[in-house]
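Look at the model first.

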Amino acid sequence: MTEILNKINKASSVFYCQHILDSINNLSELCNFTVSNDNGTGVIEYLKNASLYEEDANLSRTYIVRDKKTDDIVGYFSLKSGLASVNERLIKNDQITFDTIPAIELANFAVNNAYKNKHPKIKEIGTTIFMDFILPIVKYISEYIGVTILIIYALPYESLIKFYQKIGFLRLDPETEQLLHNRVKPYYDHDCIFMFQKI
């Protein structure tokens, strides 16, 4: 992973990305991370209280994005393996079965509101993080494991859904979406909406 991080960091003129455990400063500065939407407190709770546990348990990997000039924390994201389910059907004895599609899950993704307020002239921060860091890492991983889609369970807010659609995520048709939510949506994402894009 060091190889791909070095490569994408060289390509970015504004930000750089590192694994959360790459610097002691990442851990000490997390207390200053904020989000603009009160409903987004879950991503703060994850970053401050659960990310290190999940690192240790090999449940996910979290990455911090920083400003190259100021070293301020710009945002963060976490990735883990996942799956989507399709083609639900009945088999013997009224059992339901379905096919699975291997996926990488963008489990957490947030821009630091404190950074946005400090640097109001810098626009499209979330899009930049996604295009310059998340997608290259996902494509790098896809060269080594069988995976076909990137998925996210998005908070059900119109502005957020539109943002994810703008960066390439799609929704399923309502019936298929509901079936998938019934089968594989994690408990902690119970109010969220499944979205995906091909890798």
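Q: What makes Arg-171 partly exposed?
A: Arg-171 has a relative accessible area of 37%. Buried means under 20%, exposed over 50%, and partly exposed in between (1.4 Å probe, protein chains only). Therefore Arg-171 counts as partly exposed.

This is a predicted model, where local features need pLDDT of at least 70 and side-chain atom pairs count only at pLDDT 80 or more, while totals for chains, interfaces and linings use all residues. Residues are numbered from 1 along each chain as its sequence is written, and side-chain values use heavy atoms, with hydrogens and water left out.

Q: Why is the contact of Glu-177 with Arg-171 called a salt bridge?
A: The closest N and O atoms of Glu-177 and Arg-171 are 2.8 Å apart. A salt bridge needs a side-chain nitrogen of Lys or Arg within 4 Å of a carboxyl oxygen of Asp or Glu. So the pair qualifies.

Q: Is Glu-177 called buried or exposed, and why?
A: Its relative accessibility is 10%, so Glu-177 counts as buried.

Q: What makes Glu-55 and Arg-61 a salt bridge?
A: Their closest N and O atoms are 3.3 Å apart, so they form a salt bridge. Glu-55 is buried at 7% relative accessibility. Arg-61 is partly exposed at 29%.

Q: How do you know that Glu-124 and Lys-166 meet in a salt bridge?
A: The N to O distance is 2.8 Å, so the side chains meet in a salt bridge. Glu-124 is partly exposed at 44%. Lys-166 is exposed at 54%.

Q: How many salt bridges does the structure hold?
A: The structure holds six.
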